[in-house]
Structure formats: structure tokens, C-alpha cells
Amino acid sequence: MLEKESEMLRTVRGVGVRGVIAVAALLVTVVATAGDELRIHDAWMPEVPPVARAVAGYMTLENHGDEPWVLIGAGSHRFDKVMVHSTVEESGVARMVHEDEVVIPPGETVAFDPGGLHLMLIGPHKPLDRGESVDIILVFQGGAEVPVRFRVGKKRVGEGEHTP
Amino acid sequence: MRRARVAGLGVPAALGLLVVMALVLAAGVWLSNERADPYAGLSPALQAKLWPEPRPVEPFHLVDHHAEPFTEERLHGQWTFLFFGYAGCPDVCPMALRDLSDVRKILARDGLDDEAQFVFVSVDPERDTVELLDGYVTFFDEEIVGVTGSQDEIDSLTEQLAIMSVRVDDDGGSGFYHFDHTSSVMLIDPRGRVIGAFPPPHIPERMAEHFTALRNLGAR
């Protein structure tokens, strides 16, 4: 676990323009920078059947810095493809809209929640188990690549479910 | 003379006659209201979800996740919650299936689960085979029925129920595609008629309450 964390740190420092520090806190993954602090927490994926061709990734991003953070993409070794989408309800129809970028303005929080913004994780290479952690790399404008650990569970962390 | 005779009934009898006339009038008004709007007693929130007229579902031929025929006949004899989606849908469908499972558990608690079935119809039959749906829907709830079939038969059902579904291919030419689709849960009555649509968010407690109100209306 610790070894993996430091490996993640190196990965981030290697490519990160802003010098990202990753900290794994109890049940949540928090990612922050020294100057422009971005906290990503409550990162989770709902449990889906092994035959599901896609799963969603949800999280909350808080910008505690003075500059906007702009999410421009994501990737993972566990999936064929990762896209940033949002579900938009229009006259009873759920449309999935591809988001080229998601801006997290300074001092603001952007939540990826069911029925709204989500990472669309397409083609899992193997089934996701409940309680499992899956790393997704978030790519931000400027080149920062931030690994975030997502927990597979029934609900968002902190909504009353204990991850085994 | 006539006037005198009525007067001759005396004041109590005349009042009694008036009361009877008023009751007859009230009953008439009540009956005509009943005929005009069978849903008059339901909450405005529920009435807003109901179609102006129940519409019988015309014949269609699909297959369930046990490879058994699933036709309009399966919509008779019990209520049906019907949702349209696909197994490659990451956000809306798992959410709806979990919500439907929760509705079913609430009805089971109230002893009403025998009166309703929960059905997930694929809008992506090319990829959602019988075997795949078997592994998909039962993960969310063993009691949910997965339905697939030929594109033509699925289209015939979606058209009847005013369900929209559009395939959207990824711009990048990666071969990935998804569907924009109606996210309402359709409610079919035990006579096989569509009576309404529940748009999201699907709050299980609220849906169970609405179902129970409609079911009680039918049982009256």
C-alpha cells in the first residue's frame, strides 16, 4: 500500500507541472498541490455486474488555490477508454454529453454525482469487485496528471456503507 | 290548487323534499366527475405523471433473460414497471435498476410485491443478448426481468410507449457508442394498459406510494 503510494507520487512528480502531492486518507483519496491546492475526495464507482460494458466514476473536486483547474481528460490501465461525460435530462430523455473540459474555478467545488457529471469508464479489462480500489489518472490543462484512487461500492463513501 | 297541495304537505315534508333533491343533484355531479376523471382523488404530483387516457399495449414479441417469450400477454394480470436501457450504460441505468429494486423491496415489505413486476428492456439488442441480460439484471435484483429481441420488435414497443432511443457514435471513430434514451419508468396496469410515466429522479419511497395509491384505486 505505502509502496504503491510512493510509486504514485513519483509518477505524478515526473509529469506534473505544478508538483502534485498525493495523500491517501482514510477511505478517501485526497490529492493536493503545494501552491495550487486541488482536493479530490469521495472518489467511487458503483458496483456493476461483471458483464457491464461500462461503469461510471464519481468524485468531488475542490479547488483551494487561486487559479482555475481544468480537467481535460482521464485514463486508466483497467479500462479500454475513459471519457468525461455528463448526463443531461431533456424532456424525459437522458442524453450523455461529452465534456471536452470541466473547469473547477478557484474556491469552488465541482461534484461528479449520479445523474450528472461522471467519468465514463468503458470496457473494464476484468470485473470490478466490491471494495476494490482502482486508480484513474486525471489529466489537467497544463499537463498535470493526477492519479486518483476510486473505491468500488454501493454508494458514495460516507453515505453509510462500510467498505470491507 | 297545486300550490295549495304542496303547501298542504307542511313545512317539514317540503324541507325533506328539498334535501332529497339536493342529494340527487350532488350524486349526479359526483358521478359525472367520477366518469370524467377517474384519478380525481389522487395527489397532483401523481396525476401529473399519468397519461390522459390509459392506452393498451399492442402485440409485440420479445424474449426474457430466461429465453422465454415476453409478449404483451406478460403485461396482463399484474402491474408492470418498465424501464428502457442497455448494459453499456454507466450512469442512468444502474441508478434506475437500483431504484427499481428498492421499490420492489418496499412493496415486498407491504406485501404487495406479488402484484407488480419489474422489467428492463434493452435498447441495444445487438449487444445485449439473452445470456448477457441474465448476468446483468439479476445482479441488481433476482426478481427483475431482462428483455431483449429483434430491433424491429423493440422499436414497435418503444414507439407505442413514446420511448426515445438514439444511438450516438463516438466522434473519435473509436467504435464506441452509447444511447441517449428516455429515462422515465413506465407503469402498465394489470389490464396491459400504459397509464403513466415516472421521470427521474426516481425516489423509491415516492414511487411505491404512487403505485399503492393507483393500485388501491383499481381495487376499489
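## A tour of chains A and B

Select chain B and find its open sheet, in which eight strands stand in the order S1-S10-S9-S4-S5-S6-S2-S3, with mixed pairing. Two strands pair here if DSSP finds at least two bridges between them. Helices (H or I, at least four residues) and strands (E, at least two) are DSSP runs, numbered from the N terminus.

This is a predicted model, where local features need pLDDT of at least 70, side-chain atom pairs count only at pLDDT 80 or more, and totals for chains, interfaces and linings use all residues. Residues are numbered from 1 along each chain as its sequence is written, while chains are lettered from A and ligands numbered from 1 in the order in which they are written.

Next, pick out strand S1 (50-56) and strand S3 (69-71) of chain B: these are the edges of the sheet, and each has a single partner strand, so one side of each lacks a neighbour in the sheet. On average, neighbouring strands in this sheet are turned by 35° against each other, direction ignored.

Now select strand S4 (residues 79-85) and strand S5 (residues 116-122) of chain B, which run parallel and are joined by seven bridges. Within this pair, Phe83(B) has Phe120(B) in S5(B) as its bridge partner.

Helix H4 (residues 92-109) of chain B lies across S4, S5 and strand S9 (185-188), running at about 165° to S4(B). Helix H5 (residues 130-140) of chain B lies across strand S2 (61-64), S5 and strand S6 (145-148), at about 155° to S6(B). Axes are lines fitted to C-alpha atoms, for helices over the stretch in contact, and angles run from 0 to 180 degrees between N-to-C directions. Two residues are in contact if their C-beta atoms, placed from the backbone, lie within 7 Å.

Zoom out to the whole of chain B, which has seven helices and ten strands. Its radius of gyration is 24 Å, well over the 17 Å that the globule rule gives for 220 residues, so chain B is more spread out than a compact globule. That radius is taken over C-alpha atoms, and the rule is 2.2 Å times the number of residues to the power 0.38. Along the principal axes, the C-alpha atoms of chain B fill a box of roughly 95 × 35 × 30 Å.

Finally, select chain A, with one helix and twelve strands.
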